[in-house]
Amino acid sequence: MRKPLVAALFALALAGAGAAPAIAAPDAPAATVGKIATAPATASVSAQADAPTLKAVTLAGTVALSNCSGSVIRFPNSLDTDPALVMSNGHCLTSGFLDPGEVVVNQASSRTFGLLNSAGTQVATLRASKIAYATMTDTDVSIYQLTSTYATIRNNYGISPLTVQNTHPTAGTAITVASGYWKRLYSCNIDGFVYRLKEGDWTWKDSVRYTSACQTIGGTSGSPVVDQATGNVVAVNNTGNEDGAQCTVNNPCEVSASGTVTVRQGINYAQETYQIPACFTTGNQLNLNLSGCVLPKP
């Protein structure tokens, strides 16, 4: 997670025509945590030309945020007539990082998202009506409800949502991290799962650890982690250990059930998403009191 700069730089950025909010540059002294963007989104898919051959995964359905990546998602029981949802990280909110224990539910939002096709070309700008859910506690996720339905998006732009798998991912699975911000695909495997992943003040449960081939960078925060065999989303990309420090901001550490701390410099991580479908009911409406819903509550 990379923390936005102070309000003065924010105002300076807005002075440029169509400029995005100012965000921390690589050499900025501001605290950073995770994979928020630190430069304009100009990279192309060809930047990953040496990646393994992809199977079911393209950039179709991914979105670019002002500072992060995301994707248009549906759940197994979602209907085409339901309002569409966009998933990203909790630390990608425009209001800044959420405190440990903080949960946002059904908060009005008009945030916009650039919708990409399979080639990484922006084909539409989608708009939120609200933040349905967001937290950085136990997991690191934000889910926006859009003003458009899935049917409208498909009929107008030919883009279908990505389905969030409702079962736990499996170690060894071939995955692709699809970044809408960078228009770039990172392919590797699920190396394993982390009992607790601690970064600064935040702790995440049962996190996904990638093999070393997924060298995600700032701006990939919120990218869907897609199972190459099924095309389903199994996690949301959120952080990595950059400097080898232990449990500090931008340097998460792994904590085992027995309390053993392990640092893996250069390794990146994601948060599982299989728990999320159980918290949404008819019409893609959030209900944290549903049986089987384990997401943190306000």
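**Exercise 1.** In this predicted model, find the partner of Cys-188 in its disulfide and describe the link.

*Solution.* 
Step 1. Cys-188 is joined to Cys-214, with an S to S distance of 2.1 Å. A pair of cysteine sulfur atoms within 2.5 Å is taken as a disulfide.
Step 2. The torsion about the S-S bond is -100 degrees, and the link of Cys-188 and Cys-214 is left-handed.
Step 3. Cys-188 belongs to strand β10 (residues 184-199), while Cys-214 sits in the loop between β11 (202-210) and β12 (224-227), so the bond ties together parts that are 26 residues apart in sequence.
Step 4. Buried means under 20% relative accessible area. Cys-188, at 5%, is therefore buried. Cys-214, at 0%, is buried as well.

**Exercise 2.** Determine which parts of the chain the disulfide of Cys-68 and Cys-92 ties together, and state its handedness.

*Solution.* 
Step 1. The sulfur atoms of Cys-68 and Cys-92 are 2.0 Å apart, and a disulfide joins the two residues.
Step 2. About the S-S bond of Cys-68 and Cys-92 the value is -85 degrees, which goes with a left-handed link.
Step 3. Cys-68 is in the loop between β1 (62-64) and β2 (69-74), and Cys-92 is in the loop between β3 (83-88) and β4 (103-108); the pair therefore ties together parts that are 24 residues apart in sequence.
Step 4. The relative accessibility of Cys-68 is 0%, so this residue counts as buried. Cys-92 also has a relative accessible area of 0% and is buried.

**Exercise 3.** How many disulfides does the structure hold, and what pattern do they follow along the chain?

*Solution.* 
Step 1. The structure holds 4 disulfides. Among them are Cys-68 to Cys-92, Cys-188 to Cys-214 and Cys-247 to Cys-253.
Step 2. Count the bonded cysteines along the protein chain: the disulfides follow the pattern 1-2, 3-4, 5-6, 7-8.

Conventions:
Residues are numbered from 1 along each chain as its sequence is written. This is a predicted model: local features need pLDDT of at least 70, side-chain atom pairs count only at pLDDT 80 or more; totals for chains, interfaces and linings use all residues. Side-chain values use heavy atoms; hydrogens and water are left out. Helices (H or I, at least four residues) and strands (E, at least two) are DSSP runs, numbered from the N terminus. Buried means under 20% relative accessible area, exposed over 50%, partly exposed in between (1.4 Å probe, protein chains only).
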